[in-house]
Amino acid sequence: MNDDEPVLLHTEGHVLHITLNRPRALNALTHSMVRGIGEALTLAAEDDTVTAVVISGAGGRGLCAGGDIRSIYEDARAGRRASVDFWRDEYRLNARIARFRKPYVAFMDGIVMGGGVGISAHGDVRIVTERSRVAMPETGIGFIPDVGGTYLLAGAPGELGTHLALTGRAVQAADAILCGLADHFVPSQHLADLTSALARCATSGEVVDTVRRYATDAPEGELAAHRAWIDDCYAAETVEEIIGRLENSGLPAAKEAAAALLTASPTALKVTLAAVRRAAHLSSLEAALDQEFRVSCRAFTGHDLVEGVRARIIDKDRTPRWRPAEPGDVTAAEVARYFAPLGDQELGLAAT
């Protein structure tokens, strides 16, 4: 194990530990990290002494803040296609995690956003703590939720998933569990003891039972109390109508959500709404990842992704100039274009 490596592996008892090791970048994923996680899963699958995999993040601030947005920006600006290759391998990894045959335990402690959700929330044992902040914040940078995020959020109760997908809002432990993004709450101070206990688990069943022994009730969340207005407002057919309902609700929380939507990319909002609603009718995570790959490839060649990253990450002026600037100017034909097949460039996970 080399501490300079972006993905660290070590075995403790019966557990293979994967540690994301870019703490200064909040463990943001690079292509080599995606490959490293995949190689680790191969090792775990082939080793009969390994009963479980545990993934966590170095640095104490979070599991993973998402993909390396700056590199995607530079790639798009230069007219290269490395980001498309990254997404192809990343989405395949997301599907592999979901189908992994040994317990895949994700410590979703601290910040877990975007690509961080993809390498954790598809696992079968997903642990949040009092420090967890889980989000799919893509619309704020002119992108659309990916890594299977549309599939996960489409399965949330009522319109909670639509709310989180469009606003990009981060949720804490109880709300992550409510929305199906996590399973168990374990106070962060007990993670070290849980890790030691997992090392002694000789079977998959023992892994799950051990996690349950350490789990407790999460502090009360916020979303359950807001279900009425969320379900009503986000059931609207269009982004424009959703914003209108939020603004006219008379509720401060709803108006706050409307304000958040008005700062996001209108194109990203409309494509995201369509993506989540389409994902609700897809038969598998793999089908959703195929759809997201089409959408991501189209977003990569569009205006708003580069502009959104410029405004949020590069120049940090927080004044993106979206094109089009208003939701009403984003046509149905433009939205449909994001979902059109890619020919021989399809991801093709559902077919396999």
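Biologist: Which element gives the most to the lining of the largest pocket?

Modeller: Bearing in mind that this is a predicted model, α15 gives the most to that lining, with four residues. Other elements that give two or more residues include α2 (69-77), α3 (82-99) and α12 (252-263).

Biologist: And what volume does the largest pocket have, and which residues lie nearest its centre?

Modeller: Its volume is about 860 Å³, and of the 39 residues that line the pocket, Ala 65, Ile 69, Pro 137, Ile 141 and Ile 313 lie nearest the centre. By class, the lining has 19 nonpolar, nine polar and eleven charged residues.

Biologist: Switching to charges, how many salt bridges does a search of the whole structure find?

Modeller: The search finds 15. In one of them, the side chains of Asp 68 and Arg 22 meet at 3.7 Å, N to O. Asp 68 sits in the loop between β4 (62-64) and α2, while Arg 22 sits in the loop between β2 (15-20) and α1 (31-46), so this pair ties together parts that are 46 residues apart in sequence.

Biologist: What about Lys 270, which residue does it form a salt bridge with, and is Lys 270 buried or exposed?

Modeller: Lys 270 pairs with Glu 240, their closest N and O atoms being 3.0 Å apart. The two link distant parts of the chain, with Lys 270 in helix α13 and Glu 240 in helix α11. Lys 270 counts as buried because its relative accessible area is 15%, under the 20% cut-off, whereas Glu 240, at 33%, is partly exposed.

Conventions:
Residues numbered from 1 in each chain as written. Predicted model: local features only at pLDDT ≥ 70, side-chain atom pairs only at ≥ 80, totals over all residues. Heavy atoms only, no water. 1 Å grid on protein atoms, 1.4 Å probe; cavity = no way out; pocket = protein on both sides within 12 Å on 5 of 7 lines; lining within 4 Å. Points joined across faces, edges and corners; volume = space filled by probe spheres on them. Nonpolar A, V, L, I, M, F, W, Y, C, P; charged D, E, K, R; others polar. Salt bridge = Lys/Arg side-chain N within 4 Å of Asp/Glu carboxyl O. Buried < 20%, exposed > 50% of the residue type's maximum accessible area, 1.4 Å probe, protein only.
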